[in-house]
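Visitor: I'd like a walk through this structure, feature by feature. Could you give me the rule behind each term as we go?

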Amino acid sequence: MIKRAIALLLTLAVGALFASLLVGYVPDSELNHTARYYAERTAEDIGAANIVTAIIVTYRGLDTLGEVTVLFISAAIVGLVLAQGRVLNNAPNNAPRQTRAPVSELLSTGSRVLTPLILLLGVYVFVNGHLTPGGGFQGGAIVASGMLLLLLADPLKQFSHRLIAVLESLSGLLFVGIGVLGVLLAGGFLDNRLLPIGTLGELFSAGVIPVIYSLIGLKVGAEFSSMLASLSETNHTENSEET
Amino acid sequence: MISLAQMAMAAGFVLILIGFYGALTQRNLLRMIVAFSLANTGVHIVLVAVGHMRGRTAPILDAAVPVADALTRVIDPVPQALVLTAIVIGLGVTALMLAYALKLHARKHTLDIAKMTELKW
Amino acid sequence: MNSMSPLILGLSVLLCVTLIGAALVAIRATRLPIAILAAGLVSLIASILFLVLAAPDVAMTEAAIGSGLTTFLFFFVLARVRGAEKDGDELAGDELAGVKHDGVGK
């Protein structure tokens, strides 16, 4: 009980800190310098209607490359941590997994009808990332939800890890390649003016942003799918003997 | 009068505190991870609330927000870009925590943090 | 949208109260699946709050990732942990015992 009291005291102390922050907070009435620059110059420099997308893909493109890398590393570690022991499981037959009840017809047909639609929505979201809310990360998550539906409808399903790996590394390489092309042909790393900027608000505008965001979408979708697949494929009962 | 941003910020702070208290007092690993993800959501709400300005709209230029008016009509886009990154990384971190929790359970057959005593002295 | 309409104000008060209520449920619930679902609900309400705060990009991300994928990651792990408990090991606590008798979908 004394532990609980200490935890409560700590929480109250942090809460007092937060309260002083909250009381002293005065909302801005104008945009600050950075935001003012982005609001004024995005349409002219980048040509993307969605300013958040312009910041993520071009102004702060290097950060996004780092973010995708962090996500890749965490997906790789999840795979690595959970794969230990799975190699052993493959040698004996995986009998316990096949004793589950067969998937019902309704479920499997329904998931087969719905999955292409979900994938289509995901692609729509990341292709239109520079015009409407959404983009590579959201679209990638939607694509991964489509994979999740397949996985839920048929738990025995094995995703092709090779396909996921190829898709992931190919889109990552193309992302970096476009960035390097920007150094050679345009203003700098990940500059979007490789392609003409076009008119604001059209699908083929904002230079190379739709291409980059689609690549990010594929990469993020592949990474999330591989995380889901490795978490769902772990057969826990068999590798628990090593206490 | 209290503004929308301040109210959301207060809710975000309370959420951080709830997650903090939960992570300190829970003994089940999965419950601790749930508490962490609550605190994570709280941080996102606070950051987005910092960027909000009264009477302005989302930073998307379209028919409703012409380019010429952008300076006076849109809110700060920078915190939103930041939070977008934070949410995606947050899922990566949560997946990592869950994978390690699963691995710990495979070795020790328990999720109780009090029974993991190797590093205790 | 120059002055905050009472409708928006009422909606956001409601959202904040529900948010904190769901967070308390996520911390206090006796069964783990309920706690996980309540955490997903917190994310979902937060995404509506982001929409009210004029951040549609963040709202989409939170709805797809925070309340969608995260919840299912938790359930995958929960299912694996439950499967291992049939070996007759001692359980981690009362909450897992509760899990064993009720379905995950409850």
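Guide: Let's start on the surface, with a nonpolar patch made of L62(A), V176(A), V180(A), L181(A), V183(A), L184(A), L185(A) and F189(A), which together have about 730 Å² of accessible area. This is a predicted model, where local features need pLDDT of at least 70, side-chain atom pairs count only at pLDDT 80 or more, and totals for chains, interfaces and linings use all residues. Residues are numbered from 1 along each chain as its sequence is written, chains are lettered from A and ligands numbered from 1 in the order in which they are written, and side-chain values use heavy atoms, with hydrogens and water left out.

Visitor: What are patches made of?

Guide: Residues with over 30% relative accessible area and no salt bridge; like charges are joined within 9 Å, and nonpolar side chains (Val, Leu, Ile, Met, Phe, Trp, Tyr) within 5 Å. Accessible areas come from the Shrake-Rupley method with a 1.4 Å probe, and for residues only the protein chains shown count as cover.

Visitor: Which helix gives the largest share of the nonpolar patch?

Guide: Helices are DSSP runs of H or I with at least four residues, numbered from the N terminus. Here α9 of chain A (residues 161-185) gives the largest share, six residues. F189(A) sits in the loop between α9 and α10 (209-233) of chain A.

Visitor: How many salt bridges does a search of the whole structure find?

Guide: The rule asks for a side-chain nitrogen of Lys or Arg within 4 Å of a carboxyl oxygen of Asp or Glu. Over all chains, that gives two. K219(A) pairs with E168(A), their closest N and O atoms being 2.7 Å apart. K219(A) is in helix α10 of chain A and E168(A) in helix α9 of chain A, so the pair ties together parts 51 residues apart in sequence.

Visitor: And how do I read the interface of chain B and chain A?

Guide: Begin with contact, meaning heavy atoms within 4.5 Å: 44 residues of chain B touch 55 residues of chain A. Then take buried area, the accessible area (1.4 Å probe) that two parts lose on being put together, summed over both. Between chain B and chain A that is about 4,500 Å², with 76% from carbon and sulfur atoms. L61(B), L71(B) and K103(B) supply 13% of the area chain B buries against chain A, more than any other three residues. Salt bridges between these chains number zero.

Visitor: What about chain C and chain B?

Guide: Here 52 residues from chain C meet 50 residues from chain B. They bury about 4,200 Å², 78% of it from carbon and sulfur atoms. The salt bridge count across this interface is zero. On the side of chain C that touches chain B, α1 (6-28), α2 (32-52), α3 (56-84) and α4 (94-101) of chain C each give two or more residues, and α3(C) gives the largest share, 15 residues.
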